[in-house]
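Open the model in your viewer and keep the sequence beside it. The tour below goes from one selection to the next.

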Amino acid sequence: MSAPSFMDLALKAAETAGKSGEVPIGCVIVRDNAVIASAGNRTLTDRDPTAHAELLAIREVARTIGSERLVDCDLYVTLEPCTMCAAAISFARVRRLYYGAADPKGGAVESGVRFFAQPTCHHVPEVYSAVGEREAAALLRAFFKARR
């Protein structure tokens, strides 16, 4: 499967999250060209401020492979990760990060604190931005427009 196809799966996870009232952000983690975890935001459902799609998927992969190190894994997420998620991606040693829409307000990769550029960051994944950006941004705009 190619990068856009994996992002399509992350977009489906985001749509599912949005249908349950969560902010529509989705994530898939891939290893050896196969999806090994998929998650959408569940902060409201789980009543857990850390239940971001990326963290949920990272936790699932760690359990599945029996390691906290995801060195051979690629993470696809529909929105630029926040500081918490960028730190988790670094700590997990994710190989590549692909994200859809930029998040100038809350993002921490190419926006905000630029976590991976900080000297305290121990591992920096390869970063590919704007993968599925139009679709991810449209999904978020529609979600928030419906709530205004």
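Is Y98 buried or exposed? With a relative accessibility of 12%, Y98 counts as buried, where buried means under 20% relative accessible area, exposed over 50% and partly exposed in between, with a 1.4 Å probe and protein chains only. The model is predicted, so local features need pLDDT of at least 70 and side-chain atom pairs count only at pLDDT 80 or more, while totals for chains, interfaces and linings use all residues. Residues are numbered from 1 along each chain as its sequence is written, and side-chain values use heavy atoms, with hydrogens and water left out.

**Aromatic rings**

The structure holds 5 aromatic pairs; rings of Phe, Tyr and Trp (its six-membered ring) pair if their centres lie within 6.5 Å, and planes under 30 degrees apart count as stacked, over 60 as edge-to-face and the rest as tilted. Select Y98 and Y128: their ring centres are 4.9 Å apart and their planes lie at 15°, so this pair is stacked. Y98 belongs to strand β4 (residues 96-101) and Y128 to strand β5 (residues 126-128), so the pair links parts of the chain 30 residues apart. Strands (E, at least two residues) and helices (H or I, at least four) are DSSP runs, numbered from the N terminus. Y128 counts as partly exposed, at 34% relative accessibility.

Next select F115 and F116, whose ring centres are 6.0 Å apart with planes at 75°, so the pair is edge-to-face. F115 is buried at 14% relative accessibility, and F116 is buried at 9%.

**A charge over a ring**

Go to R147, whose charged end sits over the ring of F143, 3.6 Å from its centre. The criterion is NZ of Lys or CZ of Arg within 6 Å of the ring centre and within 35 degrees of the ring normal.

**R59**

Select R59, in helix α3 (residues 53-65). R59 is partly exposed, with a relative accessible area of 35%. Leaving aside neighbours within four places in sequence, R59 is in contact (heavy atoms within 4.5 Å) with D48 and T50. From R59 to A37 the C-alpha to C-alpha distance is 9.0 Å, and the two are 22 residues apart in sequence.
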